Amino acid sequence: MNNTGATNETILTQESGGVLFATFNRPDKKNALTHDMYARLAELLRQADATPGVRAVCFRGAGGAFTSGNDLMDFLSGPPMDENSPVLQFIHGLIDFRKPLVAAVTGPAIGIGTTMLLHCDLVYASPKAFLQMPFTRLALCPEAASSFLLPRVIGLTRASELLLLGNGIDARTAHAWGLVTAILPEDSFDAELEQRLAALAALPPEAVRAAKALIRQPLINGAHDAVRREAELFAGRLSSAEAAEAMQAFLERRPPDFSRFE
Ligand code: COA
């Protein structure tokens, strides 16, 4: 699992010091995630979990953004939302991953860009990080077990504000609310991240996996169940007239108008 990503790949992979870096690489689309990218990520998690030399996986984005979330064009083309769909395979893979998951967020992390952080054990952000889950604004609903995990991480009131209103939060708020482990300075971000990852990779791997299992085990069944509940609703939302208006508005770069809906 050394460097397997050509630079034109949408998911770049690079292994360094026992850490497998997975870089979302569609900078012209702010690293929006497509079906194909989810499929690669799901496979990457399967392989990384089974590869002894990989001590941790670190997600990051190319060109500044972490990810602008699900590709809105993919939403428009009516993707399948069953248990075998790449996105659900990826999310279930995150929940079941036994080794530490790390995220390096140096810009916008929208939609699944934020909800996947709930499955990461360590989240490092630069001051430019921006987290948002604009599901209701797109006439969609929470996903990736965020309806289950977010209230547990930041509290019911704050979770309701973020998931109902779709408001975004900056790095400082995300850190204060416990969504981000630490904010690392912009100019030394990579070096400080590397230091932390090296410390993580140097720990005894079985002990680290045991600690992670103890922390996450009580949440695993609840998270899988939430993903299924959310996916069922999400699929219906995607084909709704409200969502059609929201997506069309994004394409036309205009504010959506939901006034005709009851
Ligand atoms: N899916 C598809 N394309 C996307 C995208 C997404 N989720 N997010 C951004 N893009 C595209 C834009 O359409 C634009 O494409 P174009 O250059 O061909 O017009 C390009 O990426 C750059 O986006 P832009 O909005 O100009 O960049 P920005 O720096 O002003 O803002 C974001 C960045 C991420 C804050 C903003 O693009 C955004 O909010 N995107 C939508 C996020 C979203 O709703 N995701 C789904 C969550 S469920």
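## Around the ligand

Ala, Val, Leu, Ile, Met, Phe, Trp, Tyr, Cys and Pro count as nonpolar, Asp, Glu, Lys and Arg as charged, and the others, Gly among them, as polar. Sorted that way, the shell around the ligand holds eight nonpolar, three polar and five charged residues. Of the 16 residues there, Lys29, Ser68, Asn70, Leu72 and Arg253 come nearest (a residue is near if one of its heavy atoms lies within 4 Å).

This is a predicted model, where local features need pLDDT of at least 70, side-chain atom pairs count only at pLDDT 80 or more, and totals for chains, interfaces and linings use all residues. Residue numbers run from 1 along each chain as its sequence is written, and side-chain values use heavy atoms, leaving out hydrogens and water.

## Polar contacts and burial

Now for the polar contacts (pairs of N or O atoms within 3.5 Å). On the backbone side, an N or O atom of Asn70 is 3.0 Å from a ligand nitrogen, and one of Asp28 is 3.4 Å from a ligand oxygen. Arg253 uses a polar side-chain atom, 3.1 Å from an oxygen of the ligand. Taken alone, the ligand exposes 880 Å², and the protein buries 68% of that (Shrake-Rupley areas, 1.4 Å probe).

## An aromatic pair

There are six aromatic pairs, counting Phe, Tyr and Trp rings (the six-membered one for Trp) with centres within 6.5 Å. In one of them, Phe24 and Phe66 have ring centres 5.2 Å apart and planes at 70 degrees, so the pair is edge-to-face (planes over 60 degrees apart). Phe24 belongs to strand E2 (residues 19-24), while Phe66 is in the loop between strand E3 (56-61) and helix H2 (72-76), 42 residues apart; strands (at least two residues) and helices (at least four) are DSSP runs, numbered from the N terminus.

Notes
Polar contact = N/O pair within 3.5 Å; in protein donor to acceptor, adjacent residues only side chain to side chain. Phe/Tyr/Trp six-rings, centres within 6.5 Å; stacked < 30°, edge-to-face > 60°.
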